[in-house]
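Kindly read each point with the structure in view.

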Amino acid sequence: MTDTDFSRLRITRTDGVATITINNPPVNVLDVALMGEIRRFLLSVRNDPDTRVLVFQSADPEFFIAHVDMTLIDEPHAFDEIAREAPEGLNPFQAFGELLREQPQVTIVKLAGLARGGGAEFVAAADMVFAAEGLAGLAQCEALMGITPGGGATQYLSSRMTRGRALEVILAADLVDAMTAERYGWINRALPASELDGFVERLARNIAALPTGVIAAAKRAVPTENLRDGFQREHEAWAGLFELPAAEKLIRGGLKAGAQTKEGERNLEGLLRTLKV
């Protein structure tokens with residue numbers, strides 16, 4: 001597999017740093033194709049000693065990853081292949097986040113646009129996140145669709161912030177700006193937009209230049225938390241709500257009202273709040 005084998009990812013490599021630019025117009029929804037490409041890329045570099053840092057960014061200045069593709073409500077078997085390869089006890093969305101969280105390289109998200117739902121879960125699964133003040137935003141908007149997060153957010157947020165703040169993020173379902181996200185612990189730092197690229201480039205380059213073994217040792221010494229029991233509770237909560245009529249009605253209503261278009265996604269929370277069950 002080569003870096004040109006992807007249609008939704010642009011990959012460049014410099015001095016041990018791979019920069020992955022997500023490009024899935026119109027708003028970078030996390031559909032089966034995009035999830036599959038990211039997954040294949042992560043697996044392809046997993047044992048590559050020459051790739052030490054992964055930086056994820058978006059080709060769209062407005063949207064990092066909008067959220068999971070809402071049209072999948074009409075394709076119940078779309079994730080069957082990914083589900084078959086998921087570790088026992090994880091649904092496909094949780095397995096996707098865990099693949100990123102367990103990546104041996106240092107994973108960095110450079111967030112200059114919006115990330116909601118599954119996009120925000122991808123952000124939270126990364127080792128480090130740096131966001132542009134005034135441009136970046138995060139939201140777990142699932143509650144407005146009659147469900148709770150099902151791709152790791154309940155567990156990732158609980159390990160990054162207090163329970164009260166995690167519940168606020170999940171139940172208020174508001175778009176959270178970069179400075180608030182930093183204060184809550186959702187991201188590492190909020191930076192002036194003009195400084196974001198330079199800061200992440202320097203950090204990634206410096207980490208990649210560390211002596212052999214330092215990255216692996218640091219990631220072993222600061223281990224990822226075992227969240228498997230929590231993932232099971234999360235999946236049961238999400239799946240139980242997804243089966244109710246309200247979820248289908250709200251998701252279809254959101255699509256009809258303009259979700260997954262640039263205009264609709266700019267104020268998705270407001271759009272979803274207008275829907276009635």
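**Notes on the predicted model**

1. The side chain of Asn24 reaches the backbone oxygen of Val29 at 2.9 Å. A further polar contact (a pair of N or O atoms within 3.5 Å; within protein, one must be able to donate a hydrogen and the other to accept it, and residues adjacent in sequence count only if both atoms are side-chain atoms) joins the side chains of Asn24 and Arg8 at 3.1 Å. Asn24 counts as buried at 6% relative accessibility, where buried means under 20% relative accessible area, exposed over 50%, and partly exposed in between, with a 1.4 Å probe and protein chains only. Leaving aside neighbours within four places in sequence, Asn24 is in contact (heavy atoms within 4.5 Å) with Arg8, Val29, Asp31 and Leu34.

2. As to the basis of these values, this is a predicted model in which local features need pLDDT of at least 70 and side-chain atom pairs count only at pLDDT 80 or more, while totals for chains, interfaces and linings use all residues. Residues are numbered from 1 along each chain as its sequence is written, and side-chain values use heavy atoms, with hydrogens and water left out.

3. Asn24 lies in the loop between β2 and α1; helices (H or I, at least four residues) and strands (E, at least two) are DSSP runs, numbered from the N terminus. Pro26 is placed in the loop between β2 (17-22) and α1 (32-45), and a cis peptide bond, with omega about 5°, joins Pro25 and Pro26. Asn28 is also located between β2 and α1. Although not a glycine, Asn28 has a positive phi of about 60°, and Asn28 is buried, with a relative accessible area of 3%.

4. Which residue caps the N-terminal end of α3? Asn91 does, with a side-chain oxygen 2.9 Å from the backbone nitrogen of Phe93. Ten of the ten residues of helix α3 (residues 92-101) are buried, so this helix is largely enclosed by the rest of the structure. Among these buried residues are Gln94, Glu98 and Arg101.

5. Four strands form an open sheet of mixed pairing in the order β4-β6-β8-β9; two strands pair if DSSP finds at least two bridges between them. The edge strands, each pairing on one side only, are β4 (63-65) and β9 (176-177). Strand β8 (residues 137-139) pairs with β9 in the antiparallel sense over two bridges, and Gly137 has Asp177 in β9 as its bridge partner. Helix α4 (residues 118-125) packs on the sheet, touching β4, β6 (114-116) and β8, and its direction makes about 100° with that of β6.

6. The axes of helix α5 (residues 153-160) and helix α6 (residues 163-172) come within 8 Å and cross at roughly 145°. Axes are lines fitted to C-alpha atoms, for helices over the stretch in contact, and angles run from 0 to 180 degrees between N-to-C directions. In this pair, Thr154, Leu157 and Ser158 of α5 meet Ala166, Val169 and Ile170 of α6. By class, the contact has four nonpolar, two polar and no charged residues; Ala, Val, Leu, Ile, Met, Phe, Trp, Tyr, Cys and Pro count as nonpolar, Asp, Glu, Lys and Arg as charged, and the others, Gly among them, as polar.

7. Ala173 is placed in the loop between α6 and β9. Phi of Ala173 is near 60°, a positive value in a residue other than glycine. Ala173 is buried, with a relative accessible area of 0%.
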